[in-house]
Amino acid sequence: MVIRSNFPAVKRAMWDAVRVARDRALDEGEAEAEKRLERGNDSRGYNLPTEIVQEKTGFQSGLIRYPNFFGHFFEYGTVYIGAMSFMRPPHRKMRKRFVEELGEEGLTRF
């Protein structure tokens with residue numbers, strides 16, 4: 001999406017709309033990933049840390065990540081451990097939430 005305007009107020013409003021949508025999507029993704037980790041811990045008897053970290057990686061972009069190096073073994077599985085996807089589904093939810101926030105209904109709030 002490319003929007004160009006010579007009016008500073010319009011530029012700032014769009015910038016704020018994207019920032020708010022990004023922050024809400026990151027919050028939802030973080031909560032969903034932590035919920036999935038807790039559910040996996042309970043169902044499989046693991047004691048994995050459930051801390052998910054949010055990072056703002058650019059002016060209007062961000063990501064959530066699991067800070068422990070062994071997270072990808074549980075996300076994708078190994079020969080001995082079945083996959084316990086706790087990052088990919090929240091990522092899909094984050095993308096959906098971001099698009100919903102910036103839809104026609106979302107932009108009328110700003």
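In the predicted model, one aromatic cluster is formed by Tyr46, Tyr66, Phe69, Phe70, Phe74 and Phe86. The number of aromatic pairs comes to five. One of them joins Tyr46 to Phe74, with 5.2 Å between the ring centres and 70° between the planes, an edge-to-face arrangement. This pair connects distant parts of the chain, its two residues being 28 residues apart. Tyr46 belongs to the loop between helix H1 (8-44) and strand E1 (53-56), whereas Phe74 belongs to helix H2 (residues 71-76). Tyr46 is partly exposed, since its relative accessible area is 27%. Phe74 is buried because its relative accessibility, 12%, falls under 20%.

The rings of Tyr66 and Phe70 also form a pair. Their centres are 6.2 Å apart and their planes meet at 75°, which is over 60 degrees, so this pair is edge-to-face. Tyr66 has a relative accessibility of 11% and is therefore counted as buried. For Phe70 the relative accessible area is 23%, so this residue is partly exposed.

Arg22 is located in helix H1. With a relative accessible area of 9%, Arg22 is buried. A polar contact of 3.1 Å links the side chain of Arg22 to the side chain of Asp23. When neighbours within four places in sequence are set aside, the residues in contact with Arg22 are Lys56, Gly58, Phe59, Gln60, Ser61, Gly62 and Phe98.

Methods. Residues are numbered from 1 along each chain as its sequence is written. This is a predicted model: local features need pLDDT of at least 70, side-chain atom pairs count only at pLDDT 80 or more; totals for chains, interfaces and linings use all residues. Side-chain values use heavy atoms; hydrogens and water are left out. Rings of Phe, Tyr and Trp (its six-membered ring) pair if their centres lie within 6.5 Å; planes under 30 degrees apart count as stacked, over 60 as edge-to-face and the rest as tilted. Helices (H or I, at least four residues) and strands (E, at least two) are DSSP runs, numbered from the N terminus. Buried means under 20% relative accessible area, exposed over 50%, partly exposed in between (1.4 Å probe, protein chains only). A polar contact is a pair of N or O atoms within 3.5 Å; within protein, one must be able to donate a hydrogen and the other to accept it, and residues adjacent in sequence count only if both atoms are side-chain atoms. Contact means heavy atoms within 4.5 Å.
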